[in-house]
Amino acid sequence: MGQSKCCVRRPTNSDDCVSEGIGYGMLMAAYLSDETTFQCLWSFATSFFDANGLMNWQIGSSGNIVGSGAALDADEDMAMALLIACEAFGADNLCE
């Protein structure tokens, strides 16, 4: 699964991606034990981290950062998803 497929796109908003969608997707993938999708979403998120190690909240359809800064709800969802995934998959890159 390529990174571009890991963005949870919003067709009604110019096909952009927001961190909240990535967080929700990570939670669902972790609960469904879908490690491939989880790792793909996590990789997408980390490729748009800000200086504080949090995902910028809005990514344009061309892959540019449109909305900089983090969104607390997305950060919390991603953190919870990482905890669930660490337990479910035990992958080194998730349990650090």
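User: Is the crossing of α1 and α2 left-handed or right-handed?
Analyst: The crossing of α1 and α2 is left-handed. The helices themselves are DSSP runs (H or I, at least four residues; strands are E, at least two), numbered from the N terminus. Before we go on: this is a predicted model, where local features need pLDDT of at least 70 and side-chain atom pairs count only at pLDDT 80 or more, while totals for chains, interfaces and linings use all residues. Residues are numbered from 1 along each chain as its sequence is written, and side-chain values use heavy atoms, with hydrogens and water left out.

User: Why are α1 and α2 called roughly antiparallel?
Analyst: Their axes cross at roughly 155° and come within 8 Å. Axes are lines fitted to C-alpha atoms (for helices, over the stretch in contact), and angles run from 0 to 180 degrees between N-to-C directions. Under 35 degrees counts as roughly parallel, over 145 as roughly antiparallel, 65 to 115 as roughly perpendicular and the rest as oblique. Therefore α1 and α2 are roughly antiparallel to each other.

User: Which residues make that contact of α1 and α2?
Analyst: From α1 you get Ile22, Gly25, Met26, Ala29 and Ala30, and from α2 Thr37, Phe38, Leu41, Trp42, Phe44 and Ala45. Contact here means heavy atoms within 4.5 Å. Ala, Val, Leu, Ile, Met, Phe, Trp, Tyr, Cys and Pro count as nonpolar, Asp, Glu, Lys and Arg as charged, and the others, Gly among them, as polar.

User: And what makes α1 roughly parallel to α3?
Analyst: Helix α1 (residues 19-31) and helix α3 (residues 72-89) pack at about 20°, with axes 8 Å apart. That angle is why α1 counts as roughly parallel to α3. The crossing of α1 and α3 is left-handed. Their contact includes Ile22 and Met26 of α1 and Met78 and Ala81 of α3. By class, the contact of α1 with α3 has 16 nonpolar, two polar and three charged residues.

User: Why is α2 oblique to α3?
Analyst: Helix α2 (residues 35-46) and α3 cross at roughly 140°, and their axes come within 12 Å. That value makes α2 oblique to α3. This crossing is left-handed as well. Glu35, Phe38, Trp42 and Ala45 in α2 meet Met78, Ala81, Leu82, Ala85 and Phe89 in α3.

User: How do you know that Cys6 and Cys40 form a disulfide?
Analyst: Their sulfur atoms are 1.4 Å apart, and a disulfide is a pair of cysteine sulfur atoms within 2.5 Å. The torsion about the S-S bond is about 50°, so the disulfide of Cys6 and Cys40 is right-handed. Cys6 lies in the segment before β1 and Cys40 in helix α2, so the pair ties together parts 34 residues apart in sequence. By this rule the count is three disulfides.

User: What joins β1 to β2?
Analyst: Two bridges join β1 to β2 (residues 16-18), and the two run antiparallel. Strands pair if DSSP finds at least two bridges between them. Arg9 stands opposite Cys17 in β2.

User: What kind of sheet do the four strands form?
Analyst: They form an open sheet in the order β1-β2-β3-β4, with antiparallel pairing. β1 (9-10) and β4 (65-67) stand at the edges, each with a single partner strand, so one side of each has no neighbour in the sheet.

How values were computed:
Left-handed = near helix turned anticlockwise from the far one by under 90°.
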